[in-house]
Amino acid sequence: RSGASVLAALANLKLLGKEGYRVLLGHVVTMAEILRSKLERAPYARVVNDSNHGMVTLFRVYPDGVAAERAYHEETTRPDKMDQLRSHNAYNQKVFEALRRQVERGGGMNLGMTDQYRRTTFGTPIVALKSFVMSPFVDEVAMEHLVDCLERAREEVAGAATISKS
């Protein structure tokens, strides 16, 4: 791996000093916590790294009518729900693609996706969307905008599914 990120961190530490660097890190962790809180209140989302208190938030989204918490528990612990897991993995990939289109049009927020956040107890990969807050300029309004972008992406995927069924 490249050492660029380590050198960038060192440069920031030298520029900001220990206290300034702590403030910067504290801010991005706080923004990630705000995002987690917003996602936890959304009935369609499930934060999957909820025990992590860092800058990265991994989460899954679900179609309307799916109880996110229950679906995540079932599809990650019950082998008989493997088809459901695969379907929701594909759904998250489609939402990610819709988010990328929003960014390309200039109105979205850039998120990542991992096609194997972890594996289920029976070995199937779990897809997750990924927010990695890095900028000191991100604020609570930006986190709200990110949730709005997610909702628009979900609407786009739902609309595409409706069109393909007709």
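The legends below describe close-up views of a predicted model.

**View 1. The kinked helix α1.**
Helix α1 takes in residues 4-41, and although a straight helix of 38 residues would span 56 Å at 1.5 Å a residue, the end C-alpha atoms of α1 are only 37 Å apart. A kink of about 110°, centred on Gly17, is found in this helix.

Strands of a sheet in general pair through backbone hydrogen bonds, in either a parallel or an antiparallel arrangement.

**View 2. Strand β2 between its two partners.**
Strand β2 (residues 56-61) pairs with β1 in the antiparallel sense over three bridges, and here Ala45 stands opposite Val61, while Arg46 has Arg60 as its bridge partner. With β4, strand β2 pairs in the antiparallel sense over four bridges, where Val56 stands opposite Phe132 and Leu58 has Lys130 as its bridge partner. Six of the six residues of β2 are buried, and both faces of the strand are covered, with Val56, Leu58 and Arg60 on one side and Thr57, Phe59 and Val61 on the other.

**View 3. The hairpin of β3 and β4.**
Strands β3 and β4 pair in the antiparallel sense over five bridges, and Arg118 stands opposite Ile126 in β4. The two strands form a hairpin with five residues between them, and in the turn Gly123 has a positive phi of about 95°.

**View 4. Leu150 and the largest nonpolar core.**
The largest nonpolar core holds 30 residues, of which Val61, Val95, Met143 and Leu150 touch the most other members. Two or more residues of this core come from each of α1, β1, β2, α3 and α4 (140-165), and the largest share, eight residues, is given by α4. When neighbours within four places in sequence are left aside, Leu150 is in contact with Leu39, Tyr44, Phe59, Val61, Val95, Leu99, Leu111 and Leu129. A second, separate core has eleven residues, among them Val48, Val56, Ala71 and Ile126. In soluble globular proteins, nonpolar side chains tend to be buried together.

**View 5. Ser131, a buried residue of strand β4.**
Ser131 lies in strand β4, and its relative accessibility is 3%, so Ser131 counts as buried, the limit for that term being under 20%. Not counting residues up to four places away in sequence, Ser131 touches Leu35, Met55, Val56, Thr57, Phe59, Leu111 and Leu146.

Terms used. Residues numbered from 1 in each chain as written. Predicted model: local features only at pLDDT ≥ 70, side-chain atom pairs only at ≥ 80, totals over all residues. Heavy atoms only, no water. Expected span 1.5 Å × (residues − 1). Bend = angle between axes of the 7 residues up to and from the residue. Pairing = 2+ DSSP bridges. Core = buried A, V, L, I, M, F, W, Y, C linked by side-chain atoms within 4.5 Å. Buried < 20%, exposed > 50% of the residue type's maximum accessible area, 1.4 Å probe, protein only. Contact = heavy atoms within 4.5 Å.
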